[in-house]
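Take a look at the model first, then work through each solution step by step.

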Amino acid sequence: MSIVSSPIRNILVERYPSRVVPRGALSHIAEELGVSAQRVHKLAKEMGVRVCVKQEQPFYECVCGKVQRSQRLCPACRFVEIPCVHCGRPVRRLTSEVVAALHSNAYRAGKRLPEYQGRVFCDRRCFRAWATRVRDQRRWTARDERLRALLEDRYPDRVIPWGLAPALSGEMGIPQSTFRAVARRMGWAFAARVPT
Ligand SMILES: [Zn+2]
Ligand SMILES: [Zn+2]
């Protein structure tokens with residue numbers, strides 16, 4: 001008995017120093033040594049070896065309601081598609097990253113950082129194109145305001161005398177064609193040449 005028991009003991013001590021063995025391990029050792037499973041179980045019991053009973057994993061519910069084993073989002077919910085701000089094509093993003101970014105606004109406000117707007121771009125090209133467009137629009141708005149102020153001040157009756165467009169556009173520092181187009185859009189008319 002002790003002759004057979006000794007290799008069993010050695011294996012158990014060597015492989016499972018914590019004296020906890022996974023389910024099926026004892027039968028496996030019996031097979032390995034060509035002895036009966038009962039014999040291995042008996043010795044293991046004598047040695048105080050415990051068989052670990054795997055705990056039943058709980059179920060979790062994804063935000064979409066899908067019941068699953070994992071605590072993570074289900075594969076379908078793991079990514080979101082957000083349209084590119086510039087071209088509108090859908091861009092795939094990790095849901096967790098988007099949520100984390102949106103939640104960072106309280107922190108950003110504390111650090112006086114600009115608020116995260118959730119803007120998404122396909123690539124650097126789309127980002128640059130968008131940034132240029134926004135910058136131009138700001139410039140145009142500022143230019144229009146200056147032009148309107150000048151015209152309201154000098155020509156409140158909304159008629160620009162004949163022959164003044166070149167001088168006024170020069171004063172504003174914009175091309176004459178732009179000056180004429182913007183002035184017309186704002187409701188000013190250009191007086192015709194008075195016959196002499
Ligand atoms: Zn889901
Ligand atoms: Zn894009």
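**Exercise 1.** Find which residues make up the largest nonpolar core.

*Solution.* In this predicted model, the largest nonpolar core has 8 residues in all: Ile8, Leu12, Leu26, Ile29, Val40, Leu43, Ala44 and Val49. A nonpolar core is a set of buried Ala, Val, Leu, Ile, Met, Phe, Trp, Tyr and Cys residues joined through C-beta atoms within 7 Å; buried means that 20 or more other C-beta atoms, placed from the backbone, lie within 10 Å of a residue's own. Next, sort by element: helix 1 (2-15), helix 2 and helix 3 each give two or more residues to this core, helices being DSSP runs of H or I with at least four residues, numbered from the N terminus. Helix 3 gives the most, with 3 residues.

**Exercise 2.** Work out how helix 2 and helix 3 cross.

*Solution.* Start with the axes, which are lines fitted to C-alpha atoms over the stretch in contact, with angles from 0 to 180 degrees between N-to-C directions. Those of helix 2 (residues 25-33) and helix 3 (residues 37-46) come within 8 Å and cross at roughly 125 degrees.

**Exercise 3.** Which residues does alanine 44 contact, leaving aside its neighbours within four places in sequence?

*Solution.* Look for C-beta atoms, placed from the backbone, within 7 Å. Alanine 44 is in contact with Leu12, Leu26 and Val49 beyond those neighbours.

**Notes.** Residues are numbered from 1 along each chain as its sequence is written, and chains are lettered from A and ligands numbered from 1 in the order in which they are written. Local features need pLDDT of at least 70 and side-chain atom pairs count only at pLDDT 80 or more, while totals for chains, interfaces and linings use all residues.

Methods
A residue is buried if 20 or more other C-beta atoms lie within 10 Å of its own, exposed if 12 or fewer, and partly exposed in between; C-beta atoms are placed from the backbone. Two residues are in contact if their C-beta atoms, placed from the backbone, lie within 7 Å.
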